[in-house]
Amino acid sequence: MQDPTILILASLADGDKHGYAIMEDILVFAGIRLGPGTLYGAICRLEERGWIRAVKSESRRQPYRITAEGSQHLKEQLALLGQVVRTGNRRVREA
Amino acid sequence: MRTLIRWAAGLYPARWRNRYAAEFDALLDDISPSLGDLCNVLGHAMRVRATTHIDACLVPTLASPMTLRMPLVVSMSAHALMITLVLCAALGYVTPMPLPLAAAPLPPPAPDPPPQVTDVRVFPNALTSYSSLPLGEGAPGDSVRLYVADGVGINFPSLPDIGAVFWRGDAEWRVWPGQALESFIVRRVLPKYPRGTNARGAVSVFVEYLVMRDGSVRILRTSGPAPFTSTARSAIEQWVYRPLEYENRPCQVVSRVEVRFDSEFANSDTSL
């Protein structure tokens, strides 16, 4: 679970956040600290794919919002991850 | 370090800088950047630059392939040189300090210190779960008391079977800790240190007793040297509780106490 794009989408699923808030949120719920380059690299990719969009703001701290497509992609990825977790757990128990 | 990262952010392509530079700058103001962050930004800036140039190469253009490749080669070489210089400078700057490349795991919380008996004159080596409370008859409102007489103290040991239920015929016995019974006590008689023993130092006697439905006490078991168990038994038999209830039903309760005798404090002025 190291993919920064999924982590960022999961963070934004809780509401709009700017870069630093996303970084802190991910640190809290996943225990992973994204570097600034990683964070903005992922934000750039997510924005290009239309999975997040910038929200109008007067502040230098630009908030982002997850789009419907981003939300759908997140659901798919989490479902896939859940399947991996269930299968892994079952195989570990049987081993 | 923040200045170095800002400089490194300048390596991003102009299109990226125009879009994200302001908020990236704000982010740098919010965090405490480390050498790891500098490497992170440098790496990503290089990756974005390389990708941008390659993308540009893929765009159909009238320029020759060599013309397109030259900026990429020159740019990569120049940036490799700059990264080396920056890393050398940064390492020289931070070498005396531990490199905060990764967040160190938090140390485990320090375990609670074992409670200490507040009056070492009485039980110098005893560790009890309520000993931070004042000795003697506690102030009104104290939930737990430590009873101390002339060389004699009563402790409530922890019970491994708290809450267990036993049936004796039709009678239901519930195991409760002594602390839980404290609010029901009506009369307590403290044992006297038995005279004529040759015991030296501390002696512990454990007494298991049953609080009957009417609040009287019946001794079930004792353990310890005979003269001490008999004096503990005769004192505890005189204890009286208010009738106990569990879920609005009268019940009989089993509990245990530890009676500690210490010859060092018998007949001394330590009674409180």
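In the predicted model, chain B and chain A bury about 1,600 Å² between them, and 52% of this area lies on carbon and sulfur atoms. The interface brings 19 residues of chain B into contact with 19 residues of chain A. Five salt bridges are found by the rule across the interface of the two chains. A salt bridge also joins the side chains of Arg60(A) and Asp25(B), with an N to O distance of 3.4 Å.

Two packed helices are described by the angle between their axes and the distance between the axes. The crossing of helix 3 of chain A past helix 2 of chain B is right-handed. On the chain A side, the contact is formed by Pro36(A), Gly37(A), Leu39(A), Tyr40(A), Ile43(A), Cys44(A), Glu47(A) and Glu48(A) of helix 3. Helix 2 of chain B contributes Arg15(B), Trp16(B), Arg19(B), Tyr20(B), Glu23(B), Phe24(B) and Leu27(B). By class, the residues of this contact comprise nine nonpolar, one polar and five charged.

Within chain B, helix 2 also packs with helix 1 (residues 2-9), the two axes coming within 11 Å and crossing at roughly 170°. Helix 1 of chain B is therefore roughly antiparallel to helix 2 of chain B, as angles over 145 degrees are assigned to that class. From helix 1 of chain B, the contacting residues are Arg2(B), Ile5(B), Arg6(B) and Ala9(B), whereas helix 2 of chain B supplies Arg17(B), Phe24(B), Asp25(B), Leu28(B) and Asp29(B). The contact between these helices of chain B contains four nonpolar and five charged residues, with no polar residue. Phe24(B) takes part in this contact with helix 1 of chain B and also in the contact with helix 3 of chain A. Asp25(B), likewise listed in the contact with helix 1 of chain B, is the salt-bridge partner of Arg60(A).

Elsewhere in chain B, Thr197(B) is located in the loop between strand 5 (185-187) and strand 6 (202-211). Beyond residues up to four places away in sequence, Thr197(B) touches Pro227(B) and Phe228(B). Although Thr197(B) and Phe228(B) are 31 residues apart along the chain, their C-alpha atoms are separated by 9.1 Å.

Key
Residues numbered from 1 in each chain as written. Chains lettered and ligands numbered in written order. Predicted model: local features only at pLDDT ≥ 70, side-chain atom pairs only at ≥ 80, totals over all residues. Heavy atoms only, no water. Left-handed = near helix turned anticlockwise from the far one by under 90°. Helix = DSSP H or I, 4+ residues; strand = E, 2+ residues; numbered from the N terminus. Contact = heavy atoms within 4.5 Å. Nonpolar A, V, L, I, M, F, W, Y, C, P; charged D, E, K, R; others polar. Buried area = accessible area lost by both parts, 1.4 Å probe. Salt bridge = Lys/Arg side-chain N within 4 Å of Asp/Glu carboxyl O. Axes fitted to C-alpha atoms, helices over the stretch in contact; angles between N-to-C directions. Parallel < 35°, antiparallel > 145°, perpendicular 65-115°, else oblique.
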